[in-house]
Amino acid sequence: MIRVHGRRLESRRGAVWRTTAVAVLMCVSGCTAMHDGVQLAKDAFDPGVPGPKPMTADAAAQLNDTQIEQRLQFVTQRLDDTELHAALWYYGFLAVNAGGMIAGAATAAVETDEDSKIYDILNSSLGLIGTGYLLAAPLPGRSGSDPVTEMPFATHEQRAAQLAEAETILYGAAGRARQRTGWLLHVGNVALNAAAASVLLARESYGNAALLFFVNTAIGEGQILLTPWEPETNWQEYQDFVSRGGVAAAVPVRWGLSPMTGGKGLALHVAF
(Lines give C-alpha, C1' and ligand atoms only; values in the text may rest on other atoms or scores of the structure.)
Protein backbone atom coordinates (compact mmCIF):
# COMPACT_ATOMS: atom_id res chain seq x y z
CA MET A 1 0.00 0.00 0.00
CA ILE A 2 2.80 2.38 0.80
CA ARG A 3 4.37 1.63 -2.57
CA VAL A 4 1.15 2.27 -4.47
CA HIS A 5 0.57 5.48 -2.56
CA GLY A 6 4.13 6.54 -3.34
CA ARG A 7 3.66 5.88 -7.03
CA ARG A 8 0.42 7.86 -7.09
CA LEU A 9 2.06 10.75 -5.31
CA GLU A 10 4.97 10.65 -7.73
CA SER A 11 2.53 10.54 -10.65
CA ARG A 12 0.66 13.56 -9.34
CA ARG A 13 3.88 15.46 -8.82
CA GLY A 14 4.91 14.62 -12.36
CA ALA A 15 1.59 15.92 -13.68
CA VAL A 16 2.03 19.16 -11.77
CA TRP A 17 5.53 19.62 -13.13
CA ARG A 18 4.41 18.92 -16.69
CA THR A 19 1.54 21.38 -16.38
CA THR A 20 3.85 24.03 -14.94
CA ALA A 21 6.34 23.41 -17.75
CA VAL A 22 3.61 23.95 -20.36
CA ALA A 23 2.56 27.21 -18.70
CA VAL A 24 6.12 28.52 -18.53
CA LEU A 25 6.79 27.52 -22.13
CA MET A 26 3.65 29.25 -23.37
CA CYS A 27 4.40 32.43 -21.40
CA VAL A 28 7.99 32.63 -22.62
CA SER A 29 7.16 31.85 -26.24
CA GLY A 30 4.05 34.02 -26.05
CA CYS A 31 5.95 37.06 -24.74
CA THR A 32 8.59 36.59 -27.44
CA ALA A 33 5.94 36.23 -30.12
CA MET A 34 4.10 39.28 -28.79
CA HIS A 35 7.27 41.42 -28.85
CA ASP A 36 8.21 40.25 -32.33
CA GLY A 37 4.63 40.64 -33.54
CA VAL A 38 4.35 44.22 -32.28
CA GLN A 39 7.67 45.15 -33.90
CA LEU A 40 6.73 43.45 -37.18
CA ALA A 41 3.38 45.24 -37.18
CA LYS A 42 5.01 48.60 -36.58
CA ASP A 43 7.55 47.99 -39.33
CA ALA A 44 4.99 46.61 -41.75
CA PHE A 45 2.25 49.23 -41.83
CA ASP A 46 4.26 52.46 -42.15
CA PRO A 47 5.47 52.02 -45.75
CA GLY A 48 2.02 50.90 -46.89
CA VAL A 49 0.06 54.05 -46.05
CA PRO A 50 -0.47 56.09 -49.24
CA GLY A 51 0.69 59.69 -49.34
CA PRO A 52 3.27 61.63 -47.36
CA LYS A 53 4.09 60.83 -43.77
CA PRO A 54 3.01 63.18 -40.96
CA MET A 55 4.79 66.50 -40.70
CA THR A 56 7.13 67.27 -37.86
CA ALA A 57 6.34 70.22 -35.61
CA ASP A 58 9.17 72.18 -37.24
CA ALA A 59 7.77 71.56 -40.72
CA ALA A 60 4.25 72.47 -39.61
CA ALA A 61 5.59 75.73 -38.16
CA GLN A 62 6.49 76.83 -41.71
CA LEU A 63 2.76 77.04 -42.52
CA ASN A 64 0.80 80.20 -41.79
CA ASP A 65 -1.87 80.38 -39.10
CA THR A 66 -4.74 79.98 -41.56
CA GLN A 67 -3.25 76.83 -43.08
CA ILE A 68 -2.62 75.32 -39.66
CA GLU A 69 -6.16 76.10 -38.50
CA GLN A 70 -7.75 74.64 -41.64
CA ARG A 71 -5.75 71.43 -41.42
CA LEU A 72 -6.27 71.08 -37.68
CA GLN A 73 -10.01 71.48 -38.07
CA PHE A 74 -10.11 68.82 -40.80
CA VAL A 75 -8.04 66.22 -38.95
CA THR A 76 -9.57 66.71 -35.50
CA GLN A 77 -13.06 66.46 -36.95
CA ARG A 78 -12.20 63.14 -38.60
CA LEU A 79 -10.64 61.85 -35.37
CA ASP A 80 -13.81 62.75 -33.48
CA ASP A 81 -15.99 61.10 -36.15
CA THR A 82 -14.26 57.75 -35.66
CA GLU A 83 -13.66 57.97 -31.91
CA LEU A 84 -16.65 55.81 -30.94
CA HIS A 85 -15.77 52.99 -33.34
CA ALA A 86 -12.13 53.07 -32.22
CA ALA A 87 -12.97 53.13 -28.51
CA LEU A 88 -15.53 50.31 -28.80
CA TRP A 89 -13.06 48.17 -30.74
CA TYR A 90 -10.07 48.82 -28.50
CA TYR A 91 -11.63 48.57 -25.08
CA GLY A 92 -14.03 45.83 -26.18
CA PHE A 93 -11.30 43.48 -27.43
CA LEU A 94 -9.07 44.44 -24.52
CA ALA A 95 -11.84 43.20 -22.23
CA VAL A 96 -12.30 40.02 -24.31
CA ASN A 97 -8.60 39.16 -24.17
CA ALA A 98 -8.19 40.07 -20.50
CA GLY A 99 -11.36 38.13 -19.64
CA GLY A 100 -10.04 35.04 -21.42
CA MET A 101 -6.75 35.35 -19.60
CA ILE A 102 -8.40 35.61 -16.17
CA ALA A 103 -11.05 32.95 -16.82
CA GLY A 104 -8.47 30.47 -18.11
CA ALA A 105 -6.21 31.00 -15.10
CA ALA A 106 -9.11 30.69 -12.66
CA THR A 107 -10.46 27.46 -14.12
CA ALA A 108 -6.98 25.95 -14.44
CA ALA A 109 -6.46 26.47 -10.72
CA VAL A 110 -9.40 24.20 -9.81
CA GLU A 111 -9.40 21.78 -12.77
CA THR A 112 -8.51 18.18 -11.90
CA ASP A 113 -8.33 16.67 -15.39
CA GLU A 114 -4.85 17.26 -16.78
CA ASP A 115 -5.91 17.76 -20.41
CA SER A 116 -8.57 20.26 -19.37
CA LYS A 117 -6.07 22.02 -17.12
CA ILE A 118 -3.62 22.39 -20.01
CA TYR A 119 -6.46 23.62 -22.23
CA ASP A 120 -7.28 26.32 -19.65
CA ILE A 121 -3.61 27.29 -19.29
CA LEU A 122 -3.27 27.64 -23.05
CA ASN A 123 -6.44 29.74 -23.22
CA SER A 124 -5.10 31.97 -20.46
CA SER A 125 -1.76 32.29 -22.23
CA LEU A 126 -3.43 33.31 -25.50
CA GLY A 127 -5.47 35.88 -23.59
CA LEU A 128 -2.27 37.19 -22.03
CA ILE A 129 -0.65 37.55 -25.45
CA GLY A 130 -3.70 39.35 -26.87
CA THR A 131 -3.90 41.69 -23.89
CA GLY A 132 -0.18 42.40 -24.03
CA TYR A 133 -0.36 43.20 -27.75
CA LEU A 134 -3.18 45.71 -27.29
CA LEU A 135 -1.42 47.36 -24.36
CA ALA A 136 1.93 47.47 -26.17
CA ALA A 137 0.40 48.82 -29.38
CA PRO A 138 -2.74 50.78 -28.39
CA LEU A 139 -5.05 51.85 -31.20
CA PRO A 140 -4.42 55.44 -32.38
CA GLY A 141 -7.59 57.52 -32.40
CA ARG A 142 -9.35 55.73 -29.55
CA SER A 143 -9.58 59.07 -27.70
CA GLY A 144 -10.60 61.12 -30.73
CA SER A 145 -9.00 64.56 -30.87
CA ASP A 146 -8.55 64.82 -27.08
CA PRO A 147 -4.74 64.30 -27.15
CA VAL A 148 -4.54 67.23 -29.60
CA THR A 149 -6.99 69.65 -27.99
CA GLU A 150 -5.38 69.11 -24.58
CA MET A 151 -2.06 70.46 -25.88
CA PRO A 152 -1.06 74.13 -25.42
CA PHE A 153 -2.23 76.28 -28.35
CA ALA A 154 -1.40 79.91 -27.45
CA THR A 155 1.49 80.41 -29.90
CA HIS A 156 2.09 79.64 -33.56
CA GLU A 157 4.65 76.97 -32.63
CA GLN A 158 2.25 75.30 -30.20
CA ARG A 159 -0.50 75.14 -32.81
CA ALA A 160 2.04 73.69 -35.26
CA ALA A 161 2.86 71.02 -32.67
CA GLN A 162 -0.88 70.29 -32.39
CA LEU A 163 -1.10 69.76 -36.14
CA ALA A 164 1.92 67.46 -36.14
CA GLU A 165 0.37 65.37 -33.34
CA ALA A 166 -3.02 65.24 -35.08
CA GLU A 167 -1.43 64.05 -38.33
CA THR A 168 0.58 61.43 -36.43
CA ILE A 169 -2.54 60.01 -34.80
CA LEU A 170 -4.53 59.90 -38.04
CA TYR A 171 -1.60 58.37 -39.92
CA GLY A 172 -1.13 55.71 -37.26
CA ALA A 173 -4.84 54.88 -37.34
CA ALA A 174 -4.67 54.62 -41.14
CA GLY A 175 -1.79 52.17 -40.80
CA ARG A 176 -3.76 49.99 -38.42
CA ALA A 177 -6.72 50.09 -40.83
CA ARG A 178 -4.53 48.77 -43.65
CA GLN A 179 -3.48 45.80 -41.51
CA ARG A 180 -7.03 44.45 -41.80
CA THR A 181 -6.42 43.31 -45.37
CA GLY A 182 -2.70 42.53 -45.11
CA TRP A 183 -1.24 39.07 -44.58
CA LEU A 184 0.82 39.74 -41.47
CA LEU A 185 -1.74 39.69 -38.66
CA HIS A 186 -3.88 36.98 -40.27
CA VAL A 187 -0.96 34.58 -40.64
CA GLY A 188 0.27 35.44 -37.15
CA ASN A 189 -3.17 34.77 -35.68
CA VAL A 190 -3.48 31.35 -37.31
CA ALA A 191 0.13 30.39 -36.50
CA LEU A 192 -0.12 31.36 -32.84
CA ASN A 193 -3.34 29.45 -32.27
CA ALA A 194 -2.05 26.45 -34.20
CA ALA A 195 1.06 26.40 -32.00
CA ALA A 196 -1.09 26.42 -28.88
CA ALA A 197 -3.37 23.68 -30.22
CA SER A 198 -0.36 21.52 -31.12
CA VAL A 199 0.36 21.07 -27.39
CA LEU A 200 -3.03 19.36 -27.01
CA LEU A 201 -2.61 17.43 -30.25
CA ALA A 202 0.62 15.99 -28.91
CA ARG A 203 -1.38 14.70 -25.94
CA GLU A 204 -4.01 13.28 -28.33
CA SER A 205 -6.65 15.56 -26.83
CA TYR A 206 -8.18 16.22 -30.24
CA GLY A 207 -11.46 17.73 -29.09
CA ASN A 208 -9.79 20.29 -26.86
CA ALA A 209 -7.23 21.06 -29.57
CA ALA A 210 -9.93 21.74 -32.16
CA LEU A 211 -11.97 23.85 -29.75
CA LEU A 212 -8.94 25.90 -28.72
CA PHE A 213 -7.82 26.49 -32.31
CA PHE A 214 -11.13 27.34 -33.97
CA VAL A 215 -12.60 29.49 -31.18
CA ASN A 216 -9.46 31.55 -30.63
CA THR A 217 -8.73 31.87 -34.35
CA ALA A 218 -12.29 33.11 -34.96
CA ILE A 219 -12.00 35.68 -32.18
CA GLY A 220 -8.63 36.82 -33.52
CA GLU A 221 -9.96 37.16 -37.06
CA GLY A 222 -12.92 39.15 -35.78
CA GLN A 223 -10.57 41.45 -33.92
CA ILE A 224 -8.48 42.03 -37.05
CA LEU A 225 -11.35 42.51 -39.50
CA LEU A 226 -13.33 44.82 -37.21
CA THR A 227 -10.39 47.20 -36.74
CA PRO A 228 -11.69 50.72 -37.60
CA TRP A 229 -11.35 51.06 -41.36
CA GLU A 230 -12.38 54.74 -41.75
CA PRO A 231 -8.95 56.29 -40.95
CA GLU A 232 -7.41 54.94 -44.17
CA THR A 233 -9.95 56.86 -46.26
CA ASN A 234 -9.70 59.86 -43.92
CA TRP A 235 -5.93 60.07 -44.44
CA GLN A 236 -6.35 59.92 -48.21
CA GLU A 237 -9.02 62.62 -48.11
CA TYR A 238 -6.81 64.75 -45.89
CA GLN A 239 -3.98 64.56 -48.43
CA ASP A 240 -6.45 65.59 -51.14
CA PHE A 241 -7.61 68.45 -48.91
CA VAL A 242 -4.01 69.63 -48.48
CA SER A 243 -3.29 69.38 -52.22
CA ARG A 244 -6.36 71.54 -52.92
CA GLY A 245 -4.98 74.24 -50.65
CA GLY A 246 -7.50 73.71 -47.89
CA VAL A 247 -10.57 73.37 -50.11
CA ALA A 248 -12.72 70.37 -49.25
CA ALA A 249 -13.64 68.00 -52.06
CA ALA A 250 -17.14 66.70 -52.60
CA VAL A 251 -18.07 64.68 -49.54
CA PRO A 252 -18.40 60.95 -50.33
CA VAL A 253 -21.05 58.82 -48.72
CA ARG A 254 -19.80 57.68 -45.29
CA TRP A 255 -21.48 55.87 -42.47
CA GLY A 256 -20.67 55.25 -38.83
CA LEU A 257 -21.99 54.97 -35.29
CA SER A 258 -22.78 57.76 -32.85
CA PRO A 259 -24.50 57.98 -29.43
CA MET A 260 -28.24 58.67 -29.49
CA THR A 261 -29.64 61.77 -27.85
CA GLY A 262 -29.42 61.36 -24.10
CA GLY A 263 -26.71 58.75 -24.44
CA LYS A 264 -29.15 55.81 -24.51
CA GLY A 265 -28.09 53.45 -27.28
CA LEU A 266 -26.29 53.92 -30.60
CA ALA A 267 -27.46 55.38 -33.89
CA LEU A 268 -26.28 54.67 -37.45
CA HIS A 269 -25.50 57.94 -39.25
CA VAL A 270 -24.84 58.52 -42.95
CA ALA A 271 -22.99 61.53 -44.38
CA PHE A 272 -23.24 62.45 -48.08
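My entries follow, one topic at a time.

**Ground rules.** I am working with a predicted model, where local features need pLDDT of at least 70, side-chain atom pairs count only at pLDDT 80 or more, and totals for chains, interfaces and linings use all residues. Residues are numbered from 1 along each chain as its sequence is written, and side-chain values use heavy atoms, with hydrogens and water left out.

**Fold.** I looked up the secondary structure and found 10 helices and 2 strands in the protein chain. Helices (H or I, at least four residues) and strands (E, at least two) are DSSP runs, numbered from the N terminus. Along the sequence the pattern reads α-α-α-α-α-α-α-α-α-α-β-β. I then checked burial: 38% of the 272 residues count as buried. Buried means under 20% relative accessible area, exposed over 50%, and partly exposed in between (1.4 Å probe, protein chains only).

**Salt bridges.** I counted 6 salt bridges. The rule asks for a side-chain nitrogen of Lys or Arg within 4 Å of a carboxyl oxygen of Asp or Glu. Side chains of opposite charge can pair when their charged atoms come close.

I went to Arg203 and Asp115, whose side chains meet in a salt bridge at 2.6 Å, N to O. Arg203 lies in the loop between α8 (184-202) and α9, and Asp115 lies in helix α5 (residues 114-136), so the pair ties together parts 88 residues apart in sequence. I noted Arg203 as partly exposed, because its relative accessibility is 32%.

Next I took Glu232 and Arg178, which form a salt bridge with the closest N and O atoms 2.8 Å apart. This pair also links distant parts of the chain: Glu232 is in helix α10 (residues 230-243) and Arg178 in helix α7 (residues 156-179), 54 residues apart. Glu232 is partly exposed at 22%, and Arg178 is partly exposed at 29%.

I also checked Arg244 and Asp240, a salt bridge with the closest N and O atoms 2.9 Å apart. Arg244 is partly exposed at 45%, and Asp240 is partly exposed at 30%. I then looked for shared partners: salt bridges join Glu114, Asp115 and Arg203 into one network.

Most residues other than glycine have a negative phi. Glu204 lies in the loop between α8 and α9. I logged Glu204 as exposed, at 59% relative accessibility.

**Surface.** I found a nonpolar surface patch of about 300 Å², made by Val96, Leu211, Val215 and Ile219. Patches take residues with over 30% relative accessible area and no salt bridge; like charges are joined within 9 Å, and nonpolar side chains (Val, Leu, Ile, Met, Phe, Trp, Tyr) within 5 Å. Areas come from the Shrake-Rupley method with a 1.4 Å probe, and for residues only the protein chains shown count as cover. Helix α9 (residues 206-225) gives the largest share of the patch, 3 residues. Leu211 lies in helix α9 and is partly exposed at 42%.

Last, I asked which residues line the largest cavity. The lining consists of Leu79, Thr82, Ala86, Pro140, Gly141, Leu170, Ala173, Pro228 and Pro231. On a 1 Å grid over the protein atoms alone, a cavity is a set of points where a 1.4 Å probe fits but cannot get out; lining residues have an atom within 4 Å of a point.

Definitions and conventions. On a 1 Å grid over the protein atoms alone, a cavity is a set of points where a 1.4 Å probe fits but cannot get out, and a pocket is an open set with protein on both sides within 12 Å along at least five of seven lines; lining residues have an atom within 4 Å of a point.
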